[in-house]
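Thank you all for coming; I would like to take you through one model slowly, and please keep the sequence and the structure in view while I talk.

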Amino acid sequence: MSLLKTNEIQNYNGSSLTLTASTVSTSAQLNTGGNISVTGSLNVSDDSTTRTNLGLGSMATQNANAVAITGGTINTVQPATGQSLTIKDEDGNTAITIGTDSTAAGYLSLNFGSYHGDSAGAGSGTLTGNTLDDYEEGTWTPGLGGTWTVNPTSLSGQYIKIGKIVWLRAQWLGGSKSSAVAAHFTNIPLAVSDQATGSVSNVSVNDYGNALVDGGQRIFFTANSFSATCFANFVYETH
Amino acid sequence: MALTKQTVTDKIEIVGQFNHIQVREAIQVLEDGNVMSQSYHRYVVAPGQTSDDAKVAAVIAAVHTPEVISAYQAHITSQTD
């Protein structure tokens, strides 16, 4: 191996210079007035200074649990295996939580403080007046009140609550009574704030008139006799 | 890996003029003590009604006073006369 000492290396026409050695080393600073093109990997021993010099900002000092992204676009965010993903608002309050595969209950949790509509402003709302934080669905079992000539059987029901609005269904088999107010259903799952009416039919599409949920939280029917599986549906406001 | 099922009263609310008690039960399926699935079942306790649930019974005793029950009975009578 021989040693070449010189102050400047320039190719014959002054344009680019290509080094074909497998490794080019220098113990001092390497300067260039143009670009450095690397087709392989770039290895640096001082990561922190290099990141700062490359303009990565806080990314240079971030850790695995606190990545701050202040610009650019992303199309996929994926938590590590077994970890949930939380997105917070500017105040540090949790806005969206995506649970893990083993989190059967509450896999996706949304905490809406407000919502914003289109550019014309439609749908925009305030924090307190438009909070969408109350959705629930479940079942209920109608009870029998008053005097039934023939008791309905197979009583069941479903409900969906969105804010103060309740969709309610009662389902039963047969039954009869002597008058509209002689007998009723009880046990509605969510108290009606005033009164509400609904419609009643059975699986054969027979019309059994109307039903009323009164302030006593009872369901009355205009029809006096039912056959087959019947349904009553309501939409009303709860407290 | 043991699967169990339990029903817990997870919400009790007092609503309306006559202190109707809204009760929500959470029906839970657990695996080794961890909730794997959950659904809700609800009912409302009107003044004058009772409950076998100790927590609900305690609320009934507190808010369904004789005066409330009497006023409620008068109200429902007026609605169906």
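**Two residues and one interface**

Let me begin with K88(A), which counts as exposed at 53% relative accessibility, where exposed means over 50% relative accessible area, buried means under 20%, and partly exposed lies in between, all with a 1.4 Å probe and protein chains only. This is a predicted model, in which local features need pLDDT of at least 70 and side-chain atom pairs count only at pLDDT 80 or more, while totals for chains, interfaces and linings use all residues. Residues are numbered from 1 along each chain as its sequence is written, chains are lettered from A and ligands numbered from 1 in the order in which they are written, and side-chain values use heavy atoms, with hydrogens and water left out.

K88(A) sits in strand β1 (residues 85–88) of chain A; helices (H or I, at least four residues) and strands (E, at least two) are DSSP runs, numbered from the N terminus. Leaving aside residues up to four places away in sequence, K88(A) touches N93(A), T94(A) and A95(A), contact meaning heavy atoms within 4.5 Å.

Now, is R218(A) buried or exposed? R218(A) is buried, because its relative accessible area is 8%, and its place is in the loop between β10 (207–213) and β11 (219–221) of chain A. Its side chain makes a polar contact with the side chain of D214(A) at 2.5 Å, and the side chain of R218(A) also reaches the backbone oxygen of I76(B) at 3.3 Å. A polar contact is a pair of N or O atoms within 3.5 Å; within protein, one must be able to donate a hydrogen and the other to accept it, and residues adjacent in sequence count only if both atoms are side-chain atoms.

That brings us to the interface, where the contact takes 17 residues from chain B and 24 residues from chain A. Between the two chains there are two salt bridges, a salt bridge being a side-chain nitrogen of Lys or Arg within 4 Å of a carboxyl oxygen of Asp or Glu. The side chains of R24(B) and E136(A) meet in a salt bridge, at 2.7 Å from N to O. On the side of chain B that touches chain A, the elements giving two or more residues are β2 (20–31), β3 (34–45) and α2 of chain B, and β3(B) gives the most, with seven residues.

Finally, on confidence, the predictor gives the complex an ipTM of 0.84 and a pTM of 0.62.
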